[in-house]
Each structure stands twice: as C-alpha cells, then as structure tokens.
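Subject: Structure handover

Hello,

Here is the structure we discussed, followed by some notes on what was found in it.

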Amino acid sequence: KNSCFMYSKVRGLCPLKQLLRQEGDTTLIFEARFESGNLQKVVKVNEFEYQLSLRTDLSTGRHTQWFYFQVSNTQAGTPYRFTIVNFTRPNSLYKRGLRPLMYSEADAKEHRVGWRRTGNEIKYYRNNAGQGRQQYFSLTWTFQFPHDQDTCYFAHCYPYTYSKLQEYLVAISTDEGKSRFCKIDILCHSLAGNMVYVLTVTNPSKSGEGTERKAVILTARVHPGETNSSWIMKGFLDYILGDSGKAQLLRDKFVFKVVPMLNPDGVIVGNHRCSLTGQDLNRKYKSKRKKSYPSVWHTRSMIKRVMEERDVFLYCDIHGHNKKQNVFMYGCESKQHSKAPHVHPRLFPLLLSKSCPDKFSFPDCRFRVRKSREGTGRVVMWKMGINNSYTLEASICGSKLGCRQMTHFDMKDLESIGQHFCDALFNYC
C-alpha cells in the first residue's frame, strides 16, 4: 500500500488532462494542477466574468488565502472580471490597496517582464455564502490580458516553489567558492518523503577557534502561503554567501544554521498555512511527536545540539503577514532585561529599523509573550535559553513608511530585507 501522501511529492501530481474545445470558443481555460497551485473550481458567469473557489488546506475546511493558477485562451484588450468567493478572513490587505499578481508568458519571453500587479475596481466584501457558522468573503477585480492566445498566471504573492529552492541549493553546491564555507545537509524527510534541508555557513576556522563562534539560526516557510519569507531568505543567503567584506567578517564571527523551507509538503500542494495533516506547524514546537511533525521536531533537536556546542546569539523565524503593512518583528522579553540593556531583545529590531527605515517599522514590533503563542518557534527557543528569539514578519502588501508609502513590495524589496538583516547583525556586533 502506498502512502496517502505520495502525490504531494514534487512533480508527483497526476498528469494534466487534455482539454478539447471547439474552434471559436472564447472560454478561458483554467489550470492549477502544478506545483504550489491552488484553485478548486471555476464557474463562468457570463462571457467575460468568472467566479472562482479556492481549495482549503488539505485535511482542513479552512485556510483559503493562497491562490496560484494558470489561465489560457486569452483575448487581449477585453475587460474581464474574476471573483474569488470563499475567503474566510473578515479583514484583508485587499481593502488597503493590495492588488493581485499576474505573469504573462508572452511578456516574459518578448519583453522580460515578470510578475506585476494587476487589477482595477478591487473590492473585498462579505458575501451571502457560507457553511454552517463559517462566513465567506469575496475578492473581485477587473483587468485586461496583454496578449491574445497568451498563457498567464495569477497569484496571491510571488511564488517560490520547492523546486526553485532545490535549484538554488544545487547552484550553491556546484559553486567551488561557496561550497567551501556552505555545507548543505538533509535535516530530515517530510511526511511525504520530501527532503528538509539545513545549511551550515561559516568560514573555515583556525585551530582552537571553532567553538568561540556564536551561532545564528534562521528558518522560513513554516506557513506555505507566506512565499515572501522565501524571498527574504534568498536575500539573506545571497548576502551571507557573498564576497563582501561584511559577509566575510560575519562568517568569521558566526556559525549560521539555516532551514530555508520547513514545510515542503504544504508548499508543493499549494496549502496556505498547514502541513498535510492539517496542522499549523508553528504551534507544534513543544510537541514530542517526531513522526507527526518531523521538520519542527528535528529543527528543535538541531538547535539543542548547537546550544550544547556554542552560544546561540540569535534565532529568527521568517514569516509573511496578511493583515498588516510594513516589516516588523515579534520578540520575547522579561523583567530582567531592563537590568541588562546590552542583551535587551529590542536592540536588534531597532538596529534593523535603522538599516531599513523605508520598510521596517520598529513601532509595529511587539515583545509580549502571549499564551496562544507558546507553541511557536520564537517562544519555545526563548524558553530554551535563546535571548534574541524573534519572528520576522513581512507584509504581503507593502510599506507605508517614508518614500515607500502606499507601494507594494516586489521581489527585490523582499530580498533586500534579508540583506538589511545581515547589515543589522553586523552593526550589532
């Protein structure tokens, strides 16, 4: 008997069915049976209007937020309207200026134009549908396709798939320079058998110097639909694996342990928040169920081993935020911190806000440990003894600070946050 999770392996989905259409039929063709895709059903309301429903996270009846689908048989210059009808959150950044993303294969090939914001007449509102006590909300927008007979994609945020991560890691491992100070290992295997990677980044140490280096631990993508966390992680890795003087000094100063994708199964199948068992892994760091939550169990165990070898200077889990704008951090503090300001958990976020003033908002940071968050990586690692233990949150939308006010984050913006993280770490030292 095969595992019931076998189809969540990368590129392991069922083959796409060929759709037959009559000549002259202008109906759009939708597809989402590809890696990280999410679209459950489409109803054609009239010639240029379509009603869409998203698939809930597997093994749940909730978490409809992430969408990523393909559209073909397009007509240029014609106003279309798409309405997604089964969102479950009452509040949304689509009320505050967030616009969906679109990617045109024709524009990418002819003009090297990638993902771009699209949509007019964008509205997010409560509708009349629902199941039981669950109330549904709709997102609607109008737009025009740029080309006839094009293939386009729509997404909630810039996609970053498991395959893309694997390609990135292959490029590191085959780079003669980077492979000298970056070791890539398999931390564990997910429920579906996908590899969860851990990177160790540090300069080769001279005799007797290795254990003096403190550790910095970063993780990302525990929530699959928060794809911006992967772009931030990419920016961080690009910096720390670079040739700059600061990067070399940071590699001399620290041993970096990086888990770039904690929930590959959820990423592959297009979940928004959960694992294949329908669980939020960022509430399971206290759990002893190794087989049920292998990635967070092995991450916690890895950190315990690191703490036995050396001091851990900082832990940070990178996320995306669907309700607030800007970039900010959640930390943990106790009454004793006022007596030792040099180890105060507010110091690193403050430095990051100075390094990244048009994106990072220190006033949005919070440092209270709420009871409902006691199972998160941030709180569990803090209770294990890591004073600088954080969650980094980046808005799915954008910034409302300085010259970036009312603008969207693009991929370069997100990567720059990872680079500014390194600058703040350098300044802290």
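Two packed helices are described by the angle between their axes and the distance between the axes. Helix α4 (residues 245–253) and helix α9 (residues 411–428) pack with their axes 10 Å apart and at an angle of about 60 degrees. Axes here are lines fitted to C-alpha atoms, for helices over the stretch in contact, with angles from 0 to 180 degrees between N-to-C directions. Helices (H or I, at least four residues) and strands (E, at least two) are DSSP runs, numbered from the N terminus.

The model is predicted: local features need pLDDT of at least 70 and side-chain atom pairs count only at pLDDT 80 or more, while totals for chains, interfaces and linings use all residues. Residues are numbered from 1 along each chain as its sequence is written, and side-chain values use heavy atoms, with hydrogens and water left out.

α4 and α9 are therefore oblique to each other (under 35 degrees counts as roughly parallel, over 145 as roughly antiparallel, 65 to 115 as roughly perpendicular and the rest as oblique). The crossing of α4 past α9 is left-handed (the near helix is turned anticlockwise from the far one by less than a right angle; clockwise would be right-handed). Lys246, Leu249 and Leu250 of α4 meet Cys422, Asp423, Leu425 and Phe426 of α9, contact meaning heavy atoms within 4.5 Å. By class, this contact of α4 with α9 has five nonpolar, no polar and two charged residues (Ala, Val, Leu, Ile, Met, Phe, Trp, Tyr, Cys and Pro are nonpolar, Asp, Glu, Lys and Arg charged, and the others, Gly among them, polar).

Helix α7 (residues 347–355) also packs with α9, at about 120 degrees and with the axes 9 Å apart. That angle makes α7 oblique to α9. The α7 and α9 crossing is right-handed. On the α7 side the contact includes Leu347, Phe348 and Leu351, and on the α9 side His420, Phe421 and Asp423 are among the residues. The contact of α7 with α9 divides into eight nonpolar, three polar and one charged.

UniProt, in an unreviewed entry, places the feature "active site" at Glu393; its positions follow the numbering used here, feature names are shortened, and annotations may be inferred rather than shown by experiment. Glu393 lies in strand β17 (residues 389–395). Glu393 is buried, at 8% relative accessible area (buried is under 20%, exposed over 50%, partly exposed in between; 1.4 Å probe, protein chains only). Leaving aside neighbours within four places in sequence, the contacts of Glu393 include His319, His321, Asn326 and Tyr330.

Regards
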